[in-house]
Amino acid sequence: MKLIKRIYEIIDECRMCETLDEVVEVLKTNDSPTLREVFKCAYHPYTQWYLSDIPDNYKKPDTLPGISRTQLYTEFRRIYLFQKGHPTADGLSPEKRKNLLTQILEGLEPDDAQVFVDVLRKDLQIQDLTPEIINKAFPNLL
């Protein structure tokens with residue numbers, strides 16, 4: 001039985017790779033709809049986010065991994081609330097968006113929350129990763 005890794009574990013594994021070919025292999029091996037969406041949201045050149053001020057004062061949960069209230073796999077569906085050009089996001093006030101983001105981040109375990117923030121910053125902190133490399137793992141994603 002194949003264990004499903006958390007998104008932050010896959011990203012951490014990519015960060016430890018010595019070559020970009022190794023990164024591609026890690027991505028292919030761990031392919032999932034959520035992983036693809038994380039990379040698409042973080043690296044697609046036309047995706048823009050409303051938040052320039054990501055809250056750093058949210059309460060980070062002190063739970064053990066795997067027992068947080070929510071997981072990135074489920075919360076990532078709500079990332080559209082922060083995307084410029086999305087009708088729902090466009091209708092929210094900046095304060096409402098910030099409150100929603102705070103609620104999402106506080107429900108996630110810290111490593112998942114960091115991935116969510118890194119996506120909004122459009123940088124998963126994987127050295128030399130480009131849309132071209134991502135497309136090697138996931139053809140035509142970007």
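Visitor: In which hand does H1 pass H3 in a crossing?

Guide: A crossing is left-handed if the near helix is turned anticlockwise from the far one by less than a right angle, and right-handed if clockwise. H1 passes H3 in a right-handed crossing. Helices here are DSSP runs (H or I, at least four residues), numbered from the N terminus. The model is predicted: local features need pLDDT of at least 70, side-chain atom pairs count only at pLDDT 80 or more, and totals for chains, interfaces and linings use all residues. Residues are numbered from 1 along each chain as its sequence is written, and side-chain values use heavy atoms, with hydrogens and water left out.

Visitor: At what angle do the axes of H1 and H3 cross?

Guide: Two packed helices are described by the angle between their axes and the distance between the axes. Axes are lines fitted to C-alpha atoms, for helices over the stretch in contact, and angles run from 0 to 180 degrees between N-to-C directions. The axes of H1 and H3 cross at roughly 60° and come within 11 Å.

Visitor: Which residues make the contact?

Guide: Contact means heavy atoms within 4.5 Å. Ile-7, Ile-10 and Ile-11 of H1 meet Thr-34, Leu-35, Val-38 and Phe-39 of H3.

Visitor: Which residues of H3 are buried?

Guide: Buried means under 20% relative accessible area (1.4 Å probe, protein chains only). In H3, residues 33-43, these are Thr-34, Leu-35, Val-38, Phe-39, Cys-41, Ala-42 and Tyr-43. Their cover includes H1, H2, H4, H7 and H8.

Visitor: Where do H6 and H7 meet?

Guide: Leu-101, Ile-104 and Leu-105 in H6 meet Ala-113, Phe-116, Val-117 and Leu-120 in H7. The two axes come within 8 Å and cross at roughly 145°.

Notes. Buried < 20%, exposed > 50% of the residue type's maximum accessible area, 1.4 Å probe, protein only. Helix = DSSP H or I, 4+ residues; strand = E, 2+ residues; numbered from the N terminus.
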